[in-house]
Amino acid sequence: MRLYRALLYLYPRRFREEYADELCHAFGERTRTRSSLRRAWAAFADVVPNAIGAHWDVLRHGAAAGTTWSAYGSDIRFAFRQIAAAPLLSGVIIAVLALGIGINAGLLTVIDIYAWQPAPGIPRDRSLTRLLPMAKQQSGRITRTALSYPEVLDLRAQHDVFADVAGWTANTLAVDAGAGAETMLVSYTTGNFFRLLRVPLAAGPGFPDDVDRTGAPIAIITYSIWQKYFGGSLEAIGKTIRVMDQPLTIVGVTPPLFAGIDAQNFGQPAIWVPLGVRALVKPDADGDAFARSTTVLVSIARLAPRVSAGDVERRVATIAAQLAQSEPTTHTGLLIRAERLTGLRPSSDRTELLAAVFLVATLIIVITCTNVSALLLGRAAARRREIAIRLALGATRRRVIRQLLTESLVLAACGASLALALYIPSIKVAYAVMPDIVYGLAPQPSTFAFAALFAGIATIVFGVAPAFHATSADIGETMKNSGGGAIHRSRLQALFVVAQLACSQPVLVVTSLVLADIRAKVNNEASRAPASVVTMSWVLHRSETVNATSAPSGHSRSPEMDLRELESIRQRVKLVHGVVRAAVSSAGVPRETVVRIKGKETFELPSGTSPSDLRSLYVTADYFDALGMPVLRGRAIGVDDDRPGSVAVVVNKAAADALWPEENPIGKSLIRRNDDREQPLEVIGVVGQAPYEVPPADAMVFAPLSTARSGWNAAFTASTAAGARTLVPQIRAAVREIEPYIAIGDVTTLAEKYARQRHEAVQSNLAAFAIGVAALFLASLGLYAIIAHAVAERTREIGVRLAMGASPARVVAHFFRDGIRVSAFGLAIGLPTTVIAIRLIKAGLLGFTVHDVAAVLLVVPVLIAVAALASWLPARRAARVDPLIALRAE
Amino acid sequence: MPSAPDRVTALLPLPPATFHILLALIDQDRHGYAIIQDVEERTRGELRMSAGTLYRSIARMVEQGLIAEVTKRRADSDDARRRYYRLTSFGDAVARGEMRRLSDLVRLARQRGLTPESI
């Protein structure tokens with residue numbers, strides 16, 4: 001209640017005097033049953049907006065009477081005159097505010113997009129939730145991370161928790177949109193998927209409600225497919241598109257930005273089909289898509305009204321336990337976590353990126369506030385004499401404080417306006433340079449308002465605090481000796497310099513690392529990725545009937561048959577003039593492997609341990625040669641190793657170092673665990689990184705393609721004597737000669753692939769760098785202004801020193817030393833934060849490749865130089881002045 | 001000085017909070033917190049006014065002459081901080097004017113075939 005009574009001072013005086021008692025009475029009655037924390041919140045929520053409204057009422061009323069506005073108007077005019085009287089200082093304050101607000105609004109928008117909004121193209125909604133199921137066996141092994149269709153229905157039936165639950169999964173399949181079959185990612189969804197996300201389709205009615213039951217052969221295509229193959233025509237709706245030779249009717253087009261959920265983890269689907277279509281287009285897929293034992297669905301949910309995020313976890317846990325009891329065989333150890341659906345998948349690498357962005361945003365807020373505070377304090381202190389004169393002439397204390405508050409508000413408003421004016425064009429420039437990164441960086445009113453509010457509060461608080469101080473001092477004393485506070489002031493300002501440096505240092509270290517990384521990326525070995533190696537993905541799309549007539553082995557799809565065929569394809573491609581080597585793998589080049597060893601298949605040491613990030617890839621002979629990966633020890637996988645039942649495996653250097661440090665890995669054993677089967681394997685070789693691959697490779701195990709359970713016809717690599725691009729038509733023709741029903745897609749040379757990756761990396765780092773440069777400018781500007789102002793304020797002291805016989809050189813040296821000492825202290829204080837920043841970056845942030853700490857050390861001299869310059873220039877100027885004039889200065 | 005009907009029209013349409021406060025004072029004089037309770041009860045909790053919102057409205061309404069403070073003595077048991085308000089005849093006219101306006105609006109909508117059920 002005391003808080004509420006104190007807050008009432010925010011109301012206009014007359015209103016407060018008239019209604020304070022009643023307000024307290026009504027508020028007290030209204031919030032009687034609430035906890036003190038909720039009462040405090042209610043007090044703020046009640047008073048702040050109403051007080052602003054009441055002031056507005058007074059202003060409007062005054063305007064009608066023609067009085068109040070003129071009083072405020074004269075305050076504002078006077079504020080502008082004061083700003084104009086000290087143009088440099090005011091300019092710096094406004095520039096610092098504008099930069100601080102602008103950078104912060106940008107950074108907060110990034111955080112907002114990745115951490116709070118659902119994926120692009122999905123309307124913002126707090127009730128969208130990601131369901132993360134996990135079944136843990138007693139041994140601690142995780143046996144699944146997805147749900148079955150009946151489980152999705154079970155969860156959907158919990159109406160008190162969920163308004164709706166949907167599921168989806170995806171496969172790379174052959175899709176023919178009219179220009180020949182290509183490989184594309186096809187997502188199978190439950191019929192309510194788009195309805196649940198409330199994604200407004202660009203065209204078409206979408207899936208009907210009962211599609212799960214009917215399994216109608218229909219599809220929703222992406223905006224880009226619509227544009228590319230149908231010219232964006234509405235006539236596309238109702239036409240057919242062939243997926244694995246099955247005709248599906250197009251019933252919808254997704255909006256332009258929509259890329260599904262978790263596109264960065266699962267890839268971006270090109271087509272969405274009902275779950276029932278899976279049996280049609282992928283008859284060899286494991287299990288019936290609607291069976292309880294087929295746990296393949298990634299699930300999302302929309303929460304029921306008034307179900308809070310905290311409730312979900314607990315109530316979902318109860319549901320999972322009930323499921324486990326009713327179906328013990330399939331649900332043992334089932335846990336379902338629920339997390340809000342955001343553009344960022346939890347625990348992905350980008351979480352660290354966001355942590356770093358948040359750290360930088362916070363530091364920039366602190367730098368901005370410190371700068372503004374220090375400058376305003378200096379400004380108010382310099383005006384003590386003026387304030388004293390006004391008080392002596394009869395101005396009330398209240399009147400003077402109101403005047404200073406108006407000045408602060410005008411400064412804050414100017415800063416925010418400038419930030420807004422610069423923010424929109426700078427976003428446009430950024431979009432032109434980095435379209436992939438800033439697609440969502442439209443100025444968000446909420447984030448901008450937040451950043452402006454923060455800076456505004458700092459301005460007002462630090463503008464008014466000295467006003468209270470200045471107006472409470474003894475007028476006579478102040479007028480007699482205005483230089484008395486200089487020492488106290490300089491101590492305070494030294495404190496600000498320390499805080500400023502401590503905060504700027506980590507921001508600038510991050511910036512310099514980014515800069516070094518850009519240089520590394522631009523000049524790195526990746527530019528040597530060969531244009532002579534081409535990779536492509538492929539999918540067989542012959543239907544069972546076609547298969548029966550064209551292939552001697554009938555409709556069986558045993559790996560042996562296809563492996564024999566694969567080998568024929570490999571040999572046939574090698575005969576193409578110009579092709580040197582050809583290899584097949586279960587996924588593309590190592591950096592992009594999607595087959596992770598978790599869930600159903602693991603590679604472990606006989607002792608049962610395994611590095612958590614160990615990944616696997618199944619390859620044929622020639623794979624390492626084709627990609628230019630050197631064999632460091634032992635031998636590569638050869639044609640003889642590539643047979644079912646083979647126990648040979650090759651590891652890369654990273655895996656060898658992790659599994660058998662300081663030992664020779666050749667001949668060592670590894671265990672492959674598949675469901676509950678175990679197979680002992682033997683390491684026959686160690687391969688290194690390809691020369692163009694700069695970031696340290698992940699720990700990898702390479703096994704012969706014939707031993708893979710599935711996915712053994714996913715990617716194809718051909719190494720050629722010259723540019724591979726020109727040979728692509730011949731390679732395609734050669735492949736189709738052996739296997740006519742093959743869809744080929746993602747055709748790219750390594751040079752193109754790495755150039756694209758580098759372009760993206762440089763883009764994202766460029767964005768970070770731009771923010772860093774702005775931060776450096778902000779920090780330097782503030783640092784210079786604070787120190788220079790502090791030194792200039794001591795002109796009188798300099799005059800005294802000179803009058804006492806000190807030489808100008810000694811005086812300058814004294815101030816110079818002071819500046820350096822304070823700066824060094826600030827830098828030392830900032831060191832722990834800098835270490836945290838470096839650690840965040842080293843944790844894989846942005847794919848940094850920089851090991852050179854020298855880049856970090858560059859920052860220190862820059863900051864020291866700014867501080868030194870700021871101490872030296874004003875001191876030199878003051879020391880040149882005649883001591884008599886300096887003594888009179890203030 | 002404008003005529004009374006003109007003064008009424010000048011205040012229309014009324015902000016919802018103002019209309020609810022007028023409604024709360026039609027049958028009896030009430031103090032601030034009683035007005036809050038009455039509005040909340042009548043709207044089944046849909047409109048929950050905070051103390052600040054209420055007294056800003058009251059201050060404006062007193063100024064406009066829609067309501068006035070009751071100066072009669074209260075019972076000794078009553079909280080001394082409470083002040084009672086009553087509807088003035090002008091306030092009564094404005095409330096009726098607002099009601100007429102809303103009724104006309106509803107009639108127009110009905111003529112166009114709009115019913116609440118069709119929403």
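Okay, hi everyone. Before anything else, please keep in mind that this is a predicted model.

Let's start with the rings. How many aromatic pairs does the structure hold over all chains? There are 14 of them. I'll show you two. Take A:Phe194 and A:Phe207: their ring centres are 6.2 Å apart and the planes sit at 65 degrees, so we call this pair edge-to-face. The cut-off there is over 60 degrees. Now, where are these two along the chain? A:Phe194 is in helix H7 of chain A, residues 193-197, while A:Phe207 is in the loop between H7 and helix H8 (211-214), so the pair ties together parts that are 13 residues apart in sequence. Are they buried or exposed? A:Phe194 is buried, and A:Phe207 is too.

The second pair is A:Phe624 with A:Phe702. Here the centres are 5.0 Å apart and the planes are at 90 degrees, so this one is edge-to-face as well. This pair links distant parts of the chain: A:Phe624 belongs to helix H22 of chain A (residues 623-627) and A:Phe702 to strand S19 of chain A (residues 700-704), 78 residues apart. Why do we call them buried? The cut-off is under 20% relative accessible area. A:Phe624 has 2% relative accessibility, so it counts as buried, and A:Phe702, at 0%, counts as buried too.

Together with A:Phe193, A:Phe207, A:Phe258 and A:Trp272, it forms one aromatic cluster.

Next, the surface. Which residues make the nonpolar patch of about 600 Å²? They are A:Leu3, A:Leu10, A:Trp41, A:Phe44, A:Val48 and A:Ile52. Helix H3 of chain A, residues 36-65, gives the largest share of that patch, with four residues. A:Leu3 sits in helix H1 of chain A, residues 2-7, and with 34% relative accessibility it counts as partly exposed.

Now my hairpin. Strands S6 and S7 of chain A form it, with two residues between them. They pair in the antiparallel sense over four bridges, and A:Thr240 stands opposite A:Thr249 in S7(A). S6(A) also pairs with strand S3 of chain A (residues 162-176), again antiparallel, over two bridges. There, A:Val175 has A:Val243 as its bridge partner in S6(A). Look at the two faces of S6(A): A:Ile241 and A:Val243 make the covered one, and A:Thr240 and A:Arg242 the uncovered one.

Most residues other than glycine have a negative phi, and most peptide bonds are trans. So what's up with A:Met244? It isn't a glycine, yet its phi is positive, about 50 degrees. You'll find A:Met244 in the loop between S6 (240-243) and S7 (246-253) of chain A, and at 13% relative accessibility it counts as buried. A:Asp622 is another non-glycine with a positive phi, about 75 degrees. It lies in the loop between strand S14 (615-619) and H22 of chain A, and at 16% relative accessibility it counts as buried. Finally, a cis peptide bond joins B:Leu12 and B:Pro13, with omega about -10 degrees. B:Pro13 is in the loop between helix H1 (4-11) and helix H2 (16-24) of chain B.

That's it from me, thanks!

Methods
Residues numbered from 1 in each chain as written. Chains lettered and ligands numbered in written order. Predicted model: local features only at pLDDT ≥ 70, side-chain atom pairs only at ≥ 80, totals over all residues. Heavy atoms only, no water. Phe/Tyr/Trp six-rings, centres within 6.5 Å; stacked < 30°, edge-to-face > 60°. Buried < 20%, exposed > 50% of the residue type's maximum accessible area, 1.4 Å probe, protein only. Patch = residues over 30% accessible without salt bridge, like charges linked within 9 Å, V, L, I, M, F, W, Y side chains within 5 Å. Areas by Shrake-Rupley, 256 points an atom, 1.4 Å probe, with all protein chains shown as cover. Salt bridge = Lys/Arg side-chain N within 4 Å of Asp/Glu carboxyl O. Pairing = 2+ DSSP bridges.
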